[in-house]
Amino acid sequence: MPNPAAVEQLEQFLSPVADAGPPSEVSADEVGLCLSGGGYRAMLFHVGVLWRLNEMGWLPKLTRISSVSGGSITAGVLALAWRNLGFDTAGVGTNFRSLVVDPLRKMAATSIDVSSVVVGALLPGVSASDRVTKQYKKVLFGDATLQDLPDTPRFVFCATNVQTASLVRFTKKRLADWQVGYVDAPNIELARAVTASSAFPPVLSPCEVKLPEGAMKPFPDVELCRKPFTTDLILSDGGVYDNMGIEPVWKNCGTVLVSDAGQKISPEEEPAEDWGRHVMRVLDLIDNQVRSLRKRHVVGSFVTGLRKGAYWGVRTDIADYQLSDALPCPHDVTLRIASTPTRLTSMDEATQQRLINWGYAVCDAGMRKHVAVGAPAPAAFPYAIGIGG
């Protein structure tokens with residue numbers, strides 16, 4: 001039986017009052033998927049995850065998909081393609097590869113982070129985030145807005161409000177910051193929402209989102225529903241607040257699937273002592289510890305019975321799932337894949353395929369161990385390259 005004290009502690013940790021907003025109830029029927037940040041590494045890792053979930057017929061079972069940073073690029077493509085995926089009677093999207101995989105692989109061959117910084121620095125009136133938005137529109141989203149997305153599942157693109165230190169949620173139904181207010185049916189470009197979610201600091205952050213005066217309506221008893229909070233949103237990467245995008249699904253979903261492509265901080269024998277690099281190292285340590293705590297509490301919630309679901313990560317040892325028919329993924333090899341830098345810069349074809357294969361394999365193991373018990377094992381990796389050696 002779950003330990004009541006442990007359950008209460010976990011619930012308080014993962015549903016903090018600071019981001020609660022209006023109260024909500026967990027539904028056993030709701031299934032949420034969380035796609036973490038991690039640049040193109042995360043974007044492609046999550047492609048493999050979605051590929052396997054699609055084969056298993058699990059995409060139509062999802063009611064909420066929450067994403068941050070690189071995960072939001074993947075989620076944005078899935079959202080825009082959703083109505084045309086051609087789900088068959090088994091819940092498998094027959095157009096998944098052409099509508100989801102192919103566009104994201106095209107994105108992975110496009111470098112935008114360095115060029116965006118340079119252009120943003122040299123051209124007056126053009127920020128790095130403006131340049132990123134332009135590239136997202138060109139390669140993936142065109143002029144689509146949040147209103148072009150499906151009603152179900154609900155896609156939630158998370159950004160961090162630098163002004164209020166809150167999570168900002170972009171959805172078709174609503175743009176919201178609980179300390180300020182909300183905009184119903186926001187007509188914001190999908191590319192801009194994804195840019196805000198993936199505005200990796202310091203080079204691609206901040207991303208400014210301007211709203212018409214009067215568009216933002218207040219939540220009850222808030223103090224910040226006034227200019228400039230309501231008209232000039234200064235946003236950074238969603239991973240600054242919650243690198244796994246957990247909170248938008250935790251309050252509602254009885255089953256939670258967490259796909260984590262975040263990178264662990266590496267040891268340094270001789271860390272820099274100058275104030276600039278030392279501050280960056282300390283901030284990285286804080287970020288790493290917060291993400292580690294969230295991971296432990298998520299996994300703990302499954303153990304205690306607070307939620308059903310599964311966690312898998314880019315650094316997971318697939319042997320921990322103890323499946324005799326898991327795809328072959330030696331841990332030393334997958335750790336090398338996990339060390340792919342957190343960048344939005346062009347990747348070679350082999351690296352793309354290995355990241356997708358690894359996300360596919362570890363998602364399969366996590367699902368068949370904890371959620372879809374008894375489901376048949378996959379015959380092979382999506383790409384013949386496997387995960388390398």
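Helices (H or I, at least four residues) and strands (E, at least two) are taken as DSSP runs, numbered from the N terminus. The model is predicted, with local features requiring pLDDT of at least 70 and side-chain atom pairs pLDDT 80 or more, while totals for chains, interfaces and linings use all residues. Residues are numbered from 1 along each chain as its sequence is written, and side-chain values use heavy atoms, without hydrogens and water.

G57, which follows α2, has a positive phi near 75°.

Helix α4 (residues 96–108) packs against helix α6 (residues 128–141) at an angle of about 145°, the axes lying 9 Å apart. Axes are lines fitted to C-alpha atoms over the stretch in contact, and angles run from 0 to 180 degrees between N-to-C directions. P103, L104, K106 and M107 of α4 meet Y136, V139 and L140 of α6, contact meaning heavy atoms within 4.5 Å.

S236 is located in strand β8 (residues 232–237) and counts as buried because its relative accessibility is 5%. The side chain of S236 reaches the backbone oxygen of A199 at 3.5 Å. Beyond neighbours within four places in sequence, the contacts of S236 include A159, T160, V162 and P201.

Terms used: Buried < 20%, exposed > 50% of the residue type's maximum accessible area, 1.4 Å probe, protein only. Polar contact = N/O pair within 3.5 Å; in protein donor to acceptor, adjacent residues only side chain to side chain.
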